[in-house]
Amino acid sequence: MPAPAPGLQSISDLTTTSRITTGDIPPPLVGATMTIVDDKLYLFGGRLIQTRQMTNSLYILHLSEFRWENVTEVVNVVPTKPSIGDPGAEDEMEVSAPPAERYFHSANAYKNSIVYFGGMGPSATSSSASDAQDLIVFDDIKVLDLELLQWRQVRIPTSAHSPKPRYAHLSSISGSKLVVVGGQDIANQYIEEINVLDLDSWQWVASMPFEKHCGSYRSIAVSGSGQGSTIPQIGSEVDQASSGQLSPTSSDGFPTSYLRKASSNSSLHYTPSLRKSSSNLALKKGGPMSRLSGSSSTFGSSPPSENNRSSIYRLSHLMSPSPVQQQEHPIYLYSNFNFTDVKRELQVLNPPQFSTQDHSHSMSGSILPPGLRFPTGAIAGQHLLLSGTYLTNAQQTFSIWSLNLSSLVWTRIDTGTVFNSGSWNRGLLMEDSNAYLVFGNKSRNLADDYQNRQTNFEHVSIVDLEAFGIYQQPPTTMTQTAQELGLGLLNDPAMADFEILTNDNQRIPVNSAILSARWPYFGALLREQEEQDANDAALGVTAEGSDYDPTLFSKRTLTLPEPYTVVLAFLQYLYTDHLVTAQQHHSQVLSQLLLLADMYGLDRLRDLATHALHQMLNMSTAAMVYETAALSQQTGLQIRSLKVMIAAKKMLQQQQLKLQQQQAQSQSVSANQAWRSTEPIYGSDPQAYASNPYLSQQQHINGLFQPSPPPPGSPNGSEYRRMSITNNGSQPGLPHPMVKRGSLLGSMPPQHWNTEPLTPPPVSPPPPAVVPPQPTPAKTSFFSFPGSKSKAAAAAAAASSNASISSSSASIRSGSANIPAFAGMGVAPMPFGMQSDTSSIRSGMSGGSDEAKRAQDEKQRQDAMRRVMDGQFGGY
């Protein structure tokens, strides 16, 4: 498993805190069940490590203070009360003795009770619980009443769907159905079966074969809590909303239906031009209630009628939260096995028939979960959580992963270094707090405890899942029709008896009854003002001495020191109990709404605003979200926004580094192309080197930079070739004389050679006298010396740069000559009026018999050589 990124190491450590548990700490146990209901954790059963005896003890951990309480003596006593509920309950559920000692059973919370099923324990006739021959497996149902803290025996009629006795099985609740999956029998053989129990009628209603080996050693079975959260359809990126819920959201995070309505002619908010002035009732941010000061109102509309008021109160009652019915959610079965070469399987049981769908090959991710032993899991929002013990020769740790149920992408929960030491054994989801609890012992060794299969309870680590974007989304409390009705009521000034004045002098008419019911702080202010008005009315005389008129105080104004857009969004929430409009989902408005929720203690608005800010968190909004989360004490949102800022900074640094590397590479390529742009002179013609002593010497010097030929008798001794960049892809090119052995450039075709002299020949000392040039035409020479060029020679060289090499040996006729193109190779042409040594040689070979002509040629040659050696150039 890859180590956490160094830049995020300290940030990841902020996501997890560790606590020491106190009170009656349970001893280390094997196969005990842990169930969280509200703010308590219930630990039942298990096997003791030292004595290897089974137990039926019950411990309660108070999560508010992490204090253990042993209630075994209280709960494991048969009460005198025979039954609970209606008189017919005696036939189905009765007060019972405590369950038999057992381990590797299942426990699931349903309503205000915990349902226990199966497990392994000693038989009734066994004299010693440690005697393996007397162990049996159970198929009974036991119910723990959490309100009375009593055991209930459930009488379930036998049917064809009754499950076999088993232990180490899986179980989960979907709606009102308890689904039992797999497990093992007394012979440790896997049971390939699924059984369904109706928890309302207490009857086994269905059973079906399931040809998979599922057990607590390597599998989990989890489902949603049914508390109003919407679990997405697996494998679908879009959250499909059912009837009675909000419409699907857009990429910006707010309902698309309201986006369409925002562009229509009918506005969702009251038009500012229709508002009239009234008296002010100032309210400072965070100020005391005594800052209310009332005066007469000039609001023109008449007070609402009794029928209107009754309808307002009925709407207020409708907008109050109501209990959410149990919902049937899919059950997710995840298994990992063959830990050396991990195999992962994911099946989904869809209610009500619990048909099976296989999504094993649909899971993906940059990294996938390793093989986890004794895994545990839960559903948090739109994610499936998986945790368990990860053991290899190199690493022993407790690992946590999440699977996005919309995209089926796995992500590792990086908790820092807290689980790198100690023995951490069991994880549970604390849904109300978006926290994942991991129990263990900091001082023990994980590998040793795993050999004993033991779970420790001395320490608990709390992982803030919200810092990873995993949390329970706020449930829907009213239908879309009710939300539209609330917005329409806000738009109707005839239903208003109060005004809200913003800091930019905009007035919004509202109904004080709705605001009092949905905003407790406003209700307290209004009651205080009404009491003050009543006291003034009892006096019967105003400050001016006139009679008291109660109608002057029937309309009042509350001043909120916020801009109009923020106040309007806040009022829309109060009327709908949701964030449904486009105005509410602006980033700046959401930040102010979160601050208002924290200021006035509106938990519902805090959850909605936090969820919306999570949805729009990106590199551009991370700084603003971080500041807002810090001011409102939303630690999870603050850590996540800080992670985004750090990731954005790293991304920018990587982009800058990549840009610098590209620029450096571009400059290197440009320099290499400029170096290769020299024109060739002779190519690979060996006769050109043989006819020119200077180039022959240059070739010898260049040869010193070449590798030695292979020894005689080698496979390629007759024709030595190196691996190199080829000319045309078919023949290997000759090695370039200036490239070292092993260079990236390899070898280079000969037309790209640069034959410029490595060092110029020595220059003779200046001559004592100047000899005038001869009038006879001269031919050019192959030699050049520093300072031998002039403007005329440079012009002549440029004019003759396209001449062929063969024309260099032709004589100069009628004062004109063909100058060889040596300028590109650093060899300057000789000036006019000079005769080269090669021309004299060809004159001697012409076969002429005139001795005078030969003497004249010899004299001209000597004069030319003397002028060359003396540095005198005719015509310059």
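## Two helices side by side

Helices (H or I, at least four residues) and strands (E, at least two) are DSSP runs, numbered from the N terminus. This is a predicted model, where local features need pLDDT of at least 70, side-chain atom pairs count only at pLDDT 80 or more, and totals for chains, interfaces and linings use all residues. Residues are numbered from 1 along each chain as its sequence is written, and side-chain values use heavy atoms, with hydrogens and water left out.

Take helix H10 (residues 587–600) and helix H12 (residues 622–632): they pack at an angle of about 5 degrees, and their axes are 9 Å apart. Axes here are lines fitted to C-alpha atoms, for helices over the stretch in contact, and angles run from 0 to 180 degrees between N-to-C directions. That makes H10 and H12 roughly parallel (an angle under 35 degrees). In the contact (heavy atoms within 4.5 Å), H10 brings residues including Leu594 and Asp598, while H12 brings Met624 and Leu631 among them.

## A strand hairpin

Strand S28 (residues 423–430) is mostly covered, with seven of its eight residues buried (under 20% relative accessible area, using a 1.4 Å probe and protein chains only). S28 pairs with strand S29 (residues 435–441) in the antiparallel sense, over seven bridges; pairing takes at least two bridges found by DSSP. Across the pair, Gly427 sits opposite Val438 of S29. Four residues lie between the strands of this hairpin, and Asn434 has a positive phi near 50 degrees.

## A look at Val77

Val77 belongs to the loop between helix H2 (72–75) and strand S9 (93–95). Its relative accessible area is 48%, so Val77 is partly exposed (between the 20% limit for buried and the 50% limit for exposed). Along the chain, Val77 and Gln150 are 73 residues apart, yet their C-alpha atoms are separated by 8.2 Å.

Methods
Angles under 35 degrees count as roughly parallel, over 145 as roughly antiparallel, 65 to 115 as roughly perpendicular and the rest as oblique.
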